[in-house]
Amino acid sequence: MKKIFTLALSLAVGTSLFADSLQIFKCSEDGIPGMTEPQLMGFSISANGRYICGAIEQGGGVFIADCETGEVKWKMADEAGGELRSVDNAGSSIGFLDDDGVVVSFETLGVDILQRPEGVRGILGESLSNDGRVKVGSFTEQSFNTVAAFSSDGSDWSALPSPTDAELGNLKDHINKMSTAKVVSGDGKVILGHLGSFTFPIIWKINDAGEYLPDFFPARYVKASDEDIADDSKELYGLPAFYTAMSNNGKYVGGVGTIKEESGAFRIVPVIYNTEDKSIKLYKEYQDIDYQGLGLYPRAIADDGTFIGTIGEPFTNSIGSFIMRAGEETAELFVDAFPAYAEMLGPSDIEGGMNVPTGISADGSSIVGYTYYSENLDIYDDSPAYYLTYVIHTGLAGVDGVSSDMKSTPEAVYSIDGRSMKEMTKGINIVRKADGTVSKLLK
């Protein structure tokens with residue numbers, strides 16, 4: 001079991017100092033029985049960028065892959081299907097397989113069933129911390145309602161608390177009793193979920209007593225009543241829970257919001273919520289890459305606030321994948337930011353609109369996604385088309401942290417586009433030291 005190939009291209013900076021590469025995964029040399037192509041849909045990547053997980057063609061089974069070795073391990077599902085939603089730094093992944101919530105180990109391919117409390121129909125596993133000790137998901141009650149839940153250090157699953165009416169504010173009449181937990185931070189202290197029938201996002205944050213307390217931030221920023229219309233502190237007319245994401249450090253939560261312009265027209269913009277200072281940022285600047293005005297939908301966020309996503313909704317009107325780098329106001333298309341990706345998957349992204357980036361490692365060095373791919377993108381042609389999982393290795397490994405190398409005096413410093421500089425400047429620097437080694441450092 002191995003990857004098909006790795007494709008690498010270098011950006012022009014004099015030497016190959018800054019490069020991205022692309023990995024494509026399939027189940028084995030012979031594929032899955034009955035399938036001749038990869039048919040993998042990658043849904044998540046571990047914080048350290050080593051493992052990815054997902055489903056086999058629309059829930060036909062589950063898989064975990066090791067990006068370091070290229071090995072893929074997989075299990076087929078019975079009629080009920082299966083998906084793996086999140087993977088930790090050791091290769092354990094959480095999700096469901098047929099009728100059970102499960103944790104699947106890459107090392108052994110063993111399946112541990114998530115034990116549900118008495119009176120609960122089932123547990124849907126959604127995410128786990130970097131060390132796998134904290135798991136989150138939802139109970140499915142006998143009525144098929146869902147309740148956000150978590151398990152810590154092997155303890156029984158417990159429901160997460162609901163906000164009070166005061167915390168729900170003017171949104172309380174727009175929410176039913178359903179909820180689910182979707183993502184947990186790497187240290188297990190912050191949980192992102194949905195409140196209502198996936199109506200609004202919600203945060204639970206652990207306190208000094210070890211209790212998760214709700215932070216229903218949409219109540220502070222979304223207009224929901226006549227009295228809210230005149231409240232300038234509430235800029236959003238909508239903040240749906242779909243396409244929400246959270247960074248591994250639990251600091252940033254992303255989604256899409258609806259704003260109203262002076263003309264009276266409504267527009268979709270990316271929204272980033274800072275869970276630490278409880279501030280919100282709206283990316284209201286018009287984007288040239290969004291020439292159809294479909295909106296930018298965040299799908300995953302790195303620890304520095306860099307986020308990736310799609311222009312428009314995937315599988316409906318998506319017209320490309322983008323990256324918004326931390327500190328920037330203008331997004332880049334994947335095909336412009338990553339040459340290796342553009343060479344193979346550019347047509348399926350921009351022309352086909354069937355590409356979904358789904359995860360990014362904590363430091364932004366690796367991006368996972370899947371696309372419906374064919375050689376010529378002609379749906380009337382007989383050439384095969386299939387789901388394909390890719391990992392972009394961005395060439396930016398480690399730039400989100402300042403290493404001890406910054407303490408030493410560099411022999412030469414270059415800008416990211418290859419210009420020689422007298423000293424390091426704010427942002428990414430290409431540094432060559434006296435021993436000839438080259439590093440990318442963020443000041």
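1. In helix 5, which spans residues 339-351, a kink of about 80 degrees lies at Leu345, shortly before the proline Pro347. The model is a predicted one, and the kink should be read as a feature of that prediction.

2. After helix 5 comes Gly353, whose phi is positive, near 65 degrees.

3. An open sheet is formed by 4 strands in the order 23-24-25-26, with antiparallel pairing. Its edge strands are strand 23 (296-301) and strand 26 (332-333), each of which pairs on one side only.

4. At one end of this order, strand 25 (residues 321-324) and strand 26 pair in the antiparallel sense over 2 bridges, and Phe322 stands opposite Leu333 in strand 26.

5. The structure holds 2 cavities of 30 Å³ or more, and the second largest cavity has a volume of about 40 Å³. The lining of this second largest cavity is made up of Pro201, Phe217, Leu239, Thr244, Val253, Gly254, Gly255, Val271, Ile272 and Tyr273, and the elements that give two or more residues to it are strand 20 (252-260) and strand 21 (266-274).

Technical notes. Residues numbered from 1 in each chain as written. Predicted model: local features only at pLDDT ≥ 70, side-chain atom pairs only at ≥ 80, totals over all residues. Heavy atoms only, no water. 1 Å grid on protein atoms, 1.4 Å probe; cavity = no way out; pocket = protein on both sides within 12 Å on 5 of 7 lines; lining within 4 Å. Points joined across faces, edges and corners; volume = space filled by probe spheres on them. Pairing = 2+ DSSP bridges. Bend = angle between axes of the 7 residues up to and from the residue.
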